[in-house]
Amino acid sequence: MPKTTDKNKYFVVRERAVPEVLLNVVAAKKLLESKRAATVQEAADAVGISRSSFYKYKDDIFPFHEEAKGKTITFIIQMDDEPGILSNVLRAIAENHGNILTIHQSIPISGIATLTLSVQILQGEGDAEAMVDDIEHMEGIHYLKILGRE
């Protein structure tokens, strides 16, 4: 049976897992958008990729935050069961212009609580990348995983 592929399937991948050529395509796009490079060739040369690599991948990779605005992100967090940690998570969401749609916290086991959140990233204001980064670096947060995006 022939294998079918879905050309519109998306994955959320940490930066460290992305091949260098794709990261360079993002860097070249940034140079072009900021007008620090006038042509695709100039941008490609500046980041060390070929023009053909740029054109091959330019529509397939983008920073997470660009496509997240106006979307709903669902993620799971494991955190210490201590006063103030949940409050800090909610504050980080609000400060990055996220709107909480659903929230569920499990009963803590061995001092660790699991929190599942669906957050709408407000169009034009929200910054999903900063929000996730802020939460990941908080004291008492063990784990954050993005489960999906709509």
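# A friendly tour of a predicted protein model

At 44% relative accessibility, Tyr 55 counts as partly exposed. Keep that residue in mind, because we return to it below when we look at aromatic rings. The model you see is predicted. The protein is built from six helices and four strands, and 30% of its 150 residues count as buried.

**Overall layout**

- Helix H1 covers residues 20–33, while H2 spans 40–47 and H3 spans 51–57.
- Further along, helix H5 runs over residues 85–95 and strand S2 over 98–105, and helix H6 takes up residues 128–136.

**The aromatic pair**

- There is one aromatic pair in the structure.
- Its partners are Phe 54 and Tyr 55, whose ring centres are 5.6 Å apart with 80° between the planes.
- Why is this pair called edge-to-face? The angle of 80° is over 60 degrees, so the pair falls in the edge-to-face class.
- Phe 54 has a relative accessible area of 4%, which is under 20%, so Phe 54 is buried.
- Tyr 55, at 44%, lies between the cut-offs of 20% and 50%, so Tyr 55 is partly exposed.

**A patch of negative charge**

- Which residues gather in the patch of negative charge on the surface? They are Glu 15, Glu 95, Asp 127, Glu 129, Asp 133 and Asp 134.
- Helix H6 gives the most to this patch, with three residues.
- Asp 133 lies in helix H6 and counts as partly exposed at 37% relative accessibility.

**Val 132, a buried residue of H6**

- Val 132 also lies in helix H6.
- Is Val 132 buried or exposed? Its relative accessible area is 10%, so Val 132 is buried.
- Val 132 and Val 89 are 43 residues apart in sequence, yet their C-alpha atoms are 9.7 Å apart in space.

**Two residues with positive phi**

- Lys 35 is not a glycine, but it has a positive phi of about 70°.
- You can find Lys 35 in the loop between helix H1 and H2, where it counts as exposed at 72% relative accessibility.
- His 97 is not a glycine either, and its phi is positive at about 60°.
- Look for His 97 in the loop between helix H5 and strand S2; with 35% relative accessibility, His 97 counts as partly exposed.

- Gly 48 sits in the loop between helix H2 and helix H3, and with a relative accessible area of 59% it is exposed.
- Glu 20 lies in helix H1 and is exposed, with a relative accessible area of 60%.
- Glu 20 and Ile 49 are 29 residues apart in sequence, and the C-alpha to C-alpha distance is 9.6 Å.

Conventions:
Residues numbered from 1 in each chain as written. Predicted model: local features only at pLDDT ≥ 70, side-chain atom pairs only at ≥ 80, totals over all residues. Heavy atoms only, no water. Phe/Tyr/Trp six-rings, centres within 6.5 Å; stacked < 30°, edge-to-face > 60°. Buried < 20%, exposed > 50% of the residue type's maximum accessible area, 1.4 Å probe, protein only. Patch = residues over 30% accessible without salt bridge, like charges linked within 9 Å, V, L, I, M, F, W, Y side chains within 5 Å. Areas by Shrake-Rupley, 256 points an atom, 1.4 Å probe, with all protein chains shown as cover. Salt bridge = Lys/Arg side-chain N within 4 Å of Asp/Glu carboxyl O. Lys, Arg positive; Asp, Glu negative; His and termini not counted. Charge placed at Lys NZ, Arg CZ, Asp CG, Glu CD.
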